[in-house]
Amino acid sequence: MTLRRYLLLALLIALGLGWWLSQDRSPLSPVYVFDGVVGPSHKTVLPPPAPAIWKDHDQGSQSRLAILLTDPDSAWLGLVHGLRSMGVPLRITRDYKEALRHRVVLVYPTISGRVLPAEALQALIRFPEKGGTLIGVNVEGGGMAATFGFTDIAPARTRQAFTLDASHPRAQQFDDALERTVPFSNTASGADAAGSLGYLGAQAPLASFEDGSAAITARSIGSGHAYAFGVDIGFMLLTGYNNREQGVARSYVNRYEPALDVVLRLLQDIYRQGEPHAVTLNPVPQGKSLAVVISHDVDYTTSLANANAYADYETSVGIKATYFIQTKYVRDWNDQVFFNEQGLDPLRKLHAAGMEIGSHSVAHAMDFHRLPLGSGEEHYPAYRPLVRDKDKSEEATILGELRVSRFLLEHFLPDYQINSFRPGHLRNPYVLPQALQATGYQFSSSVTANNSLTHLPFRLTYSRETAATSAVYEFPVTIEDESAPPLGSRLPEALRLAERLARYGGLFMVLIHTDITGHKLDFERGLVEALRPTAWFGTLGDYGRFWQARDRIGVDILPNGQQLVLQLSVPVPVDGLSLDLPMGYRAVTASPAGVSYTQQGARLVIDKLTDDATLTLVRDGSRPYANVPFGSRP
């Protein structure tokens, strides 16, 4: 062959190779492009913040916990989200006379002559004397010191935690050291350290700060009670929910961090003490003691293939899990391309097995929390985010990661809707709640339970701030597999944590990467075997839909002679709703007639609710409903 022909052949080969590479069809190419796949075509526009309105919560019967709001420009939204997570029915009002028609009243965010008139303060003083339960937050004055049992106050920003008195009846349920001492501020954060109000001269306080002043006073007045909190509990709740703990958390993940849960359990206990016919919503479906969600992050070359081994096991024991899939079609510093034609088969197998598919972004970028928001017009295949190294990504946006990953997963799983999202490395930008809502997600698992200071789900706020809510719910991670020692050796520790959470219906969210099987799959087997007898298992989507519906349910109790009438307002259908009834009461009838329920002890489980329902409760022994009627307090 002549040199000329050699050169011509080489040119043709080079042209052919160049054409092939230009098609981005090889798994080794920088970008993998599926033929004919383009989208999404619509533009994403973030909704403007809609400020939360306290009047939206001014409804319900006098059996609810009344919140007397003394300053609407406060963190009252944290109280609403927290009490709903704990299942406490509430009503907010600015009318002290209306509040005092309830048996339990929480005055928030402060009590003083600056925010309440003299007649309101006098009525509050008389309230526990008549048998009511009064909960004050930041009691600064107004002549209320004697009612709450202290002599003076000491404001400060130098306190970091309060410790419950183990001998107090309200504190005896908290027998873990991490429950007894509750952190709420980190003084190292300087001007951002939370303020507190220490109560001086209090006798037998329920909790004390490290300087010896009372953090929570407790005083019995005849059959009534008065409690004063020296910490802004609404602000404290939002600190955790908004992932702004600033060093308050005692660990990052895999440990028990019940700071917010202790406060909420304490408030629920005080409410049930003061309202003897209280009905509260249990956090776990079907009357179980613990909600377990097993989730898998699929974000490595071999992870998609290995995912089916986990799914095979889960199918064999009759449970479903959530698989967060990274739609990685760009080769970069992180890894090779694996969301390609070869990756579609294991994805479809997961879907066919009934597993939930969620998004785990496109780029899995370490700097996701620092990315620009984006235009809202990012689309495949033009959107090509590149992770340059562990600290820097290029051409990546928050909306691009959310839009494009969801589009691709739904494109290759026709008639399937992606509702759940988890960012790579749990990076959590402030704009994420509204970005998730705008791109169609409903459920997020983007933080750890420890960083959130709670082991319960909660509703997210706009920009992780205090003024506006979002439609997205957060389900924090309890256990993950990347910390030392290896996951397979941590089963006993994980089961001890699950035991703590089962005492109050916590969420046990497990995160297992499917990069390997081995000890990680062994851990899952051991966990499921140990917890299945008492725990509820389901996907994030299953639990999220339950939580959405539960969060909107209204619970009211009305007297009817010697009976109680339980009224449930049910805007959204819900299955397996679990309620805790007053001790000694049992349900005897339900309306409409198709409502099916079971009861064991004080726990009532309703199989399916599609609309409002009414149940009649009777007390064994036919004791009267109450010796003091509603509305007699003021």
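## Backbone exceptions

Asparagine 138 sits in the loop between β4 (133-137) and α5 (145-148). Its phi is near 50 degrees, a positive value in a residue other than glycine. Helices (H or I, at least four residues) and strands (E, at least two) are DSSP runs, numbered from the N terminus. This is a predicted model, in which local features need pLDDT of at least 70 and side-chain atom pairs count only at pLDDT 80 or more, while totals for chains, interfaces and linings use all residues. Residues are numbered from 1 along each chain as its sequence is written, and side-chain values use heavy atoms, with hydrogens and water left out.

Glycine 39 and proline 40 are joined by a cis peptide bond, with omega about 0 degrees. Proline 40 belongs to the loop between α1 (3-22) and β1 (65-69). A cis bond also runs from tyrosine 380 to proline 381, with omega near 5 degrees. Proline 381 lies in the loop between β15 (356-359) and β16 (386-389).

## Helices α14 and α15

Helix α14 (residues 491-502) and helix α15 (residues 518-531) have axes that come within 10 Å and cross at roughly 35 degrees. Axes here are lines fitted to C-alpha atoms, for helices over the stretch in contact, and angles run from 0 to 180 degrees between N-to-C directions. The crossing is right-handed: the near helix is turned clockwise from the far one by less than a right angle.

On the α14 side, Leu491, Ala494, Leu495 and Ala498 make the contact (heavy atoms within 4.5 Å). They meet Phe523, Gly526, Leu527, Ala530 and Leu531 of α15. The contact residues divide into 8 nonpolar, 1 polar and no charged. In this scheme Ala, Val, Leu, Ile, Met, Phe, Trp, Tyr, Cys and Pro count as nonpolar, Asp, Glu, Lys and Arg as charged, and the others, Gly among them, as polar.

## Cavity and pocket

The structure holds 1 cavity of 30 Å³ or more. Cavities and pockets are found on a 1 Å grid over the protein atoms alone: a cavity is a set of points where a 1.4 Å probe fits but cannot get out, a pocket is an open set with protein on both sides within 12 Å along at least five of seven lines, and lining residues have an atom within 4 Å of a point. Grid points are joined across faces, edges and corners, and a volume is the space filled by probe spheres set on the points. The largest cavity has a volume of about 30 Å³. Asn254, Ile479, Arg490, Glu493, Ala494 and Phe523 line this cavity. Their classes are 3 nonpolar, 1 polar and 2 charged. Ala494 and Phe523 also take part in the contact of α14 with α15.

At least two lining residues come from each of α2 (76-86), β20 (458-461), β21 (469-474), α16 (540-551) and β25 (554-560). Helix α2 gives the most, with 5 residues.

## Sheet β25-β26-β31-β28

Four strands form an open antiparallel sheet in the order β25-β26-β31-β28. Two strands pair if DSSP finds at least two bridges between them. The edge strands, β25 and β28 (585-591), each pair on one side only. Neighbouring strands are turned by 25 degrees against each other on average, direction ignored.

β25 and β26 (residues 563-569) pair over 7 bridges. Isoleucine 557 stands opposite leucine 566 in β26. Their hairpin has 2 residues between the strands, and glycine 561 there takes a positive phi near 65 degrees. On to β31 (residues 613-619), β26 is joined by 6 antiparallel bridges. Leucine 568 has alanine 613 as its bridge partner, and glutamine 567 stands opposite threonine 614.

## Sheet β12-β27-β30-β29

Another open sheet of 4 strands runs β12-β27-β30-β29, with antiparallel pairing. β12 (280-281) and β29 (597-600) stand at the edges with a single partner strand each, so one side of each is left without a neighbour in the sheet.

β27 (residues 574-580) and β30 (residues 603-609) pair over 6 bridges. Aspartate 575 has lysine 608 in β30 as its bridge partner. α16 packs on the sheet, touching β12 and β27, and its direction makes about 55 degrees with that of β27.
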